[in-house]
Amino acid sequence: MREQIDTIPVNEAFESGDECPFCYLMRKAEQSTIRYVAGPGASYMEPDVRAATDKVGFCTSHTKKLYDYGNSLGAALMLQTYMAGLLEEFDMEASSLTPGKRSLFSKKQAPDSSSYPARILQKADSCFICDRIAYHMRRYFLTFFHLVKDAEFRTKVENSKGFCMSHFAQLMQHADQMLPKGQTDWFYATIPTLTKKNLIRVKEDLDWFIAKFDYRNAGADWKNSKDALSRTMQKLETLYPADPPYKKD
Ligand SMILES: [Zn+2]
Ligand SMILES: [Zn+2]
């Protein structure tokens, strides 16, 4: 897949008023991928898609999201061939499941990363949906650094609500490689300050959310703190805890 920039969703994310435009893009990429995999297009019936889902499987979080999406037959069909492959592998590997050789002198041996159990654990973490989200996110970061050349976009960034910690860290890590010439000063003067200022704002909302539990503040205004807990969780852990499950329509 050739990487292309995609300015429309990135502009939209920075106009969304979200606590992190990259979380906003990630949520969209996740939903569109779940819809692609299990939705009305029935990609799970296409041999190449099925070969890919059979190979890498799904992580814990996306297995749950596939369940929640509500296409039970689609999910069952995908897991049917996945399990068939797994059982085939189980048969081939069963003979390797023997007691390890223990040396008299070193009782603790590091587990062999190529062993069958190690490969089972690696596969438990690999995920078709995570891989596609990662592909889209790389494209969105590329687009961000492309758009930074545009003064109008820079103003949008300055007026945004900053970033979650993970996406802030990824911006900083990508900067040296992707930042256009001439924008280094703006980037380093703007992004860390913007991030910190907005972390402080959310922390103040959280402080007031906690203070509201004091009976003396019972009658006081909530200000912006009603959803402070979920916004704090987003800033810290890159998620939308208050989102209902994404379901097929
Ligand atoms: Zn984020
Ligand atoms: Zn996943």
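Predicted model: local features only at pLDDT ≥ 70, side-chain atom pairs only at ≥ 80, totals over all residues.
Colleague: Where does Lys223 sit?
Modeller: Lys223 lies in the loop between helix H10 (184-211) and helix H11 (228-237). Helices here are DSSP runs of H or I with at least four residues, strands are runs of E with at least two, and both are numbered from the N terminus.

Colleague: Is Lys223 buried or exposed?
Modeller: Exposed, because 12 other C-beta atoms lie within 10 Å of Lys223. The cut-offs on that count, with C-beta atoms placed from the backbone, are 20 or more for buried, 12 or fewer for exposed, and partly exposed in between.

Colleague: And what about phi at Thr238?
Modeller: Thr238 is not a glycine, yet has a positive phi of about 60°. Its place is in the segment after H11. Thr238 counts as partly exposed, because it has 18 C-beta neighbours inside 10 Å.

Colleague: Zoom out. How many helices and strands does the protein have?
Modeller: The protein has 11 helices and zero strands. Its radius of gyration, taken over C-alpha atoms, is 23 Å, well over the 18 Å that the globule rule gives for 249 residues, so the protein is more spread out than a compact globule. That rule is 2.2 Å times the number of residues to the power 0.38.

Colleague: What box do the C-alpha atoms fill?
Modeller: Roughly 65 × 50 × 50 Å, taken along the principal axes.

Colleague: What share of the residues is buried?
Modeller: Buried residues make up 21% of the 249. As for contacts with a separation of 6 or more, 74% of them join residues 24 or more positions apart. A contact means C-beta atoms, placed from the backbone, within 7 Å.

Colleague: Packing next. At what angle do H3 and H5 pack?
Modeller: H3 (residues 47-56) and H5 (residues 72-93) pack at about 55°, with axes 9 Å apart. Axes are lines fitted to C-alpha atoms, for helices over the stretch in contact, and angles run from 0 to 180 degrees between N-to-C directions. That angle is why H3 is oblique to H5. Under 35 degrees is roughly parallel, over 145 roughly antiparallel, 65 to 115 roughly perpendicular, and the rest oblique.

Colleague: Which residues make that contact between H3 and H5?
Modeller: Arg50, Thr53 and Asp54 come from H3, and Met78, Thr81, Tyr82 and Gly85 from H5.

Colleague: Now H7 and H9. At what angle do they pack?
Modeller: H7 (residues 128-147) and H9 (residues 165-178) pack at about 60°, with axes 11 Å apart. H7 is therefore oblique to H9. Phe141, Leu142 and Phe145 in H7 meet Gln170, His174 and Met178 in H9.

Colleague: Last one. Where is Val148?
Modeller: In the loop between H7 and helix H8 (151-158). Val148 counts as buried, because it has 21 C-beta neighbours inside 10 Å.

Colleague: What is Val148 in contact with?
Modeller: Leaving aside neighbours within four places in sequence, Val148 is in contact with Phe153, Arg154, Leu179, Pro180, Gln183 and Phe187. The C-alpha atoms of Val148 and Ile191 are separated by 12 Å, and the two residues are 43 apart along the chain.

Note on methods
Residues numbered from 1 in each chain as written. Chains lettered and ligands numbered in written order. Contact = placed C-beta atoms within 7 Å.
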